[in-house]
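Subject: A structure to look at

Hello,

Here is the structure I promised to pass on to you. Please open it beside this note, and I will walk you through what turned up.

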Amino acid sequence: MTTRPGPSPNAAFFGDDDEAIAYNRAWFNIMRAHRKFHPRIARALRSHGINDPIWYEILLELERAGADGQPMAALEDKLFVPQYALSRHVARMEKDGLLRREFIADGRRKQILFLTDRGAGLHAKIWPTYWEAMQTEIGQHLTTEEAYALSRLLIKLLP
């Protein structure tokens, strides 16, 4: 926790006696924003056969990996997705023919993911719809400077 000397005008705005409550407020508001926007944006992507916005990020990372593929463990780290959740998404994407897996010979524990012909370039086809959904849902609430400021703050939470 980092605090600055003197009373915060933000604490006064929220009526907080203890400024440490700011971290709780940040957490709850991050979660509420996620619960508000995620279903709306996900709905827009379903028109492309994308069941979850994380699929876009998976497709993009696999496209970036190219012919060498992407180890599943590295994808977990890049996308901050727990192994069990990523496995579930990958299984569904594989069933839909968007990607394929190769298992490394040490007993199906390590997997390399590759795009299929159907999955190749799909992120680029999805992008206009994804863009429009984000602009529609979030753009009406923030100026561009506020969006940049929020992005900078959220990046501080990531390694």
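Does histidine 123 count as buried or exposed, and what is the reason? At 15% relative accessibility, histidine 123 counts as buried; here buried means under 20% relative accessible area, exposed over 50%, and partly exposed in between, with a 1.4 Å probe and protein chains only.

Before going further, please note that this is a predicted model, in which local features need pLDDT of at least 70 and side-chain atom pairs count only at pLDDT 80 or more, while totals for chains, interfaces and linings use all residues. Residues are numbered from 1 along each chain as its sequence is written, and side-chain values use heavy atoms, leaving out hydrogens and water.

Histidine 123 sits in helix H6 (helices are DSSP runs of H or I with at least four residues, strands are runs of E with at least two, and both are numbered from the N terminus). Setting aside neighbours within four places in sequence, histidine 123 is in contact with Tyr56, Leu59, Leu60 and Glu63, where contact means heavy atoms within 4.5 Å.

H3 and H6 pack at an angle of about 140°, with axes 9 Å apart; axes are lines fitted to C-alpha atoms, for helices over the stretch in contact, and angles run from 0 to 180 degrees between N-to-C directions. That angle makes H3 oblique to H6 (under 35 degrees is roughly parallel, over 145 roughly antiparallel, 65 to 115 roughly perpendicular, and the rest oblique). H3 contributes Pro53, Tyr56, Leu59, Leu60 and Glu63 to the contact, and H6 contributes Leu122, His123, Ile126, Trp127 and Tyr130.

Helix H6 (residues 122-139) also packs with helix H2 (residues 21-45), at an angle of about 150° and with axes 9 Å apart. This makes H2 roughly antiparallel to H6. Among the residues making the contact are Phe37, Arg40 and Ile41 of H2 and Ile126, Tyr130 and Met134 of H6.

Lastly, helix H5 (residues 83-95). Its 13 residues should span 18 Å at 1.5 Å a residue, and the end C-alpha atoms are 18 Å apart, which agrees; the expected span is 1.5 Å times one less than the number of residues. The buried residues of H5 are Ala85, Leu86, Ser87, His89, Val90 and Met93. Their cover includes helix H3 (53-65), helix H4 (72-79), strand E2 (99-103) and strand E3 (111-115). Just after H5, glycine 97 takes a positive phi of about 80°.

Enjoy exploring!
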